[in-house]
Amino acid sequence: MFDKKYIDKLRKSSGWPSDERLNQGPVAVIECIEEIPCNPCETVCPKNSITVGNPITNLPKFHDICTGCGKCLVVCPGLAVFMIDRTYSETEASITIPYELIPLPNKGDIVIALNRMGETVCKGKVLKINSNKNYNKTNLVTISIPKKYSDEVRFFKLEK
Amino acid sequence: MEGGVKLKTELAVIGAGPAGLCAAIEAAKNGVDVTVFDENKKPGGQLFKQIHRFFGSEEHLAGTRGFEIGNMLLDDAKKYGVKVMLDNVVWGLFPDLKIGISDEEKVSIVEAQKVVVATGAIENSLSFPGWTLPNIMGAGAAQTMINVNMVLPGKRVITVGSGNVGLIVSYQLMQAGAEVVAIVEALDHVGGYMVHAAKVARMGTKILLNHTITKALGDKFVEKVEVGKIDKDFNVVKGSEQLYDVDLVCIAVGLRPLSELCWMSGMKFDYLPEMGGFIPVHDNNMKSNVPGIYIAGDVTGIEEASTAMEEGKVAGIAISQALGKIDNKKGLILLNEARERLGTLRLGPFGDFRHAAKEKIIRKYYSY
């Protein structure tokens, strides 16, 4: 269900940034391809980089003027926004994931990076945990992964 | 009705969930004397077990967690002087606007000028060999245990049904520390939002479409379930059965209106399977065909907390108008705003059919 075909659909959707923007640094990637009545991403974006408009069942349209602030990751009720930084290093990308599980990982931990079907893709390293009080228990966890997996990895689990 | 203690209130609201509280708050805001009755020990209905953020727009409090919305409603109810009588079972609703209630000690009769029935819904069950084994329960029950009572009923779970309730409760069970091995769905597609399905899928839960639970096994409680593939005629494909070790099965196969009081009061119904079965008809003020009785929320067709709140507001405003607490012009403005917010929530592939069903219910109201 969340296979290659699904990823292709996401890439072609209006919530996906352009390749040009993706290659410039941290940017929000919206994975929302069903017309549900919902628009907090639009309301929260300080740069107006996301438009839902009227009716609010429109799919979010992403405008590439994102600064990578991460507010939309926190507010999305579907936990359907991620932040990708393809420029993290020569060989690695970073991905920021809205994370609502305990225990939280620690900075520097090596975790198992998972794809959209919960399958192991590779190892990841925890770079940052943002548990800002205003985020109201949706933590933002950033991990680094090999660059080639930046469209594939969307979750992680702790090593037992 | 004779005997018992008599209570009087201008507006009696039955059910302190999102619909009932919103109806009560809107009416109380306009100066109506309101009493809400609920059989539970705490108000809020199902809101306090909703730990996830709600969908919608700012005016629907989107991005806010359900229990936080519950707290906001309780604050507002207090602010506007709504009386809430908990631990009171409403056992009767009569066409003359008398309501029978009882607490542990006594039976009382409430006399009201207007009534709102906001009794919500009840979960559907699913029968299969072994279905009565302990730890096979409604998803709503499991959700109450984890999010209200802080008790984890099982560690390895299978959920039956991939509607939003099944998906959300599965996610929350994982937040509570359980492993949800699979979600079993008889249809060929996920019933709820893809974003909810995506959340559990990336955590490792398998979503088994075209599958059903064929039996449950166990001595004192469920220990194993058998899951099989089904063909297009909903027959189990022989040899496809697989056994899973689980200690909890959550049944999330839909809800139906809790409408006994509506039947009892003499309301007219229409049958709309897409809304949960028999639905009491109402007009666009949420007025039933029994004079003085209004209805709101899931009892008028299964939707969600956001729509229940807006329907409650519509009822509360319309009642304020009917009691002469606000003039018709102000009432109409408020009603139109609430109806517009309701309309917004009934858009798109998950809303269009509900919008159409509601239109049908309203047409039916006028046909009686």
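Q: How many helices and strands does chain B have?
A: This is a predicted model, in which local features need pLDDT of at least 70, side-chain atom pairs count only at pLDDT 80 or more, and totals for chains, interfaces and linings use all residues. Residues are numbered from 1 along each chain as its sequence is written, while chains are lettered from A and ligands numbered from 1 in the order in which they are written. Helices (H or I, at least four residues) and strands (E, at least two) are DSSP runs, numbered from the N terminus. Counted this way, chain B has nine helices and 19 strands.

Q: What is the radius of gyration of chain B?
A: The radius of gyration is taken over C-alpha atoms, and the globule rule is 2.2 Å times the number of residues to the power 0.38. For 368 residues the rule gives 21 Å, and the value for chain B is close to that, so chain B is as compact as a globular protein of that length. The C-alpha trace of chain B spans about 65 × 45 × 35 Å along its principal axes. The radius of gyration itself is 21 Å.

Q: How far apart do the C-alpha centres of domain 1 and domain 2 of chain B lie?
A: The domain assignment, whose bounds come from an automatic or database source, gives domain 1 of chain B as 5-122 + 255-367 and domain 2 as 125-251. Four residues of domain 1 are in contact with six residues of domain 2, contact being C-beta atoms, placed from the backbone, within 7 Å. The separation of the two C-alpha centres is 31 Å.

Q: Which helix gives the largest share of the side of chain B that touches chain A?
A: In this interface, 29 residues of chain B are in contact with 29 residues of chain A. Both α5 (194-201) and α8 of chain B supply at least two residues of the chain B side. The largest share, six residues, comes from α5(B).

Q: Are α7(B) and α8(B) roughly parallel or roughly antiparallel to each other?
A: Helix α7 (residues 305-322) and helix α8 (residues 328-345) of chain B pack at about 165°, with axes 9 Å apart. Axes are lines fitted to C-alpha atoms, for helices over the stretch in contact, and angles run from 0 to 180 degrees between N-to-C directions. Angles under 35 degrees count as roughly parallel, over 145 as roughly antiparallel, 65 to 115 as roughly perpendicular and the rest as oblique. The pair α7(B) and α8(B) is therefore roughly antiparallel.

Q: How many nonpolar, polar and charged residues are in the contact of α7(B) with α8(B)?
A: Among the residues that meet are B:Val314 and B:Ile317 in α7(B), and B:Leu334 and B:Leu335 in α8(B). Ala, Val, Leu, Ile, Met, Phe, Trp, Tyr, Cys and Pro count as nonpolar, Asp, Glu, Lys and Arg as charged, and the others, Gly among them, as polar. By class, the contact has eight nonpolar, six polar and five charged residues.

Q: In which crossing, left-handed or right-handed, does α1(B) pass α7(B)?
A: Helix α1 (residues 18-29) of chain B packs on α7(B) at about 30°, with the axes 7 Å apart, and the two are therefore roughly parallel. A crossing is left-handed if the near helix is turned anticlockwise from the far one by less than a right angle, and right-handed if clockwise. The crossing of α1(B) and α7(B) is right-handed.

Q: How far apart are the axes of α3 and α4 of chain B?
A: Helix α3 (residues 139-147) passes helix α4 of chain B in a left-handed crossing. Residues that meet include B:Ile146 in α3(B) and B:Val169 in α4(B). Helix α4 covers residues 164-175, the packing angle is about 30°, and the axes are apart by 10 Å.

Q: Which residue does a cis peptide bond join to A:Pro103?
A: Most peptide bonds are trans. A:Pro103 sits in the loop between β5 (92-99) and β6 (110-114) of chain A. The bond has an omega of about 0°, and the partner of A:Pro103 is A:Ile102.

Q: What phi does A:Lys137 have?
A: Most residues other than glycine have a negative phi. A:Lys137 is placed in the loop between β7 (120-130) and β8 (139-146) of chain A. It is not a glycine, yet its phi is positive, at about 75°.

Key. Contact = placed C-beta atoms within 7 Å.
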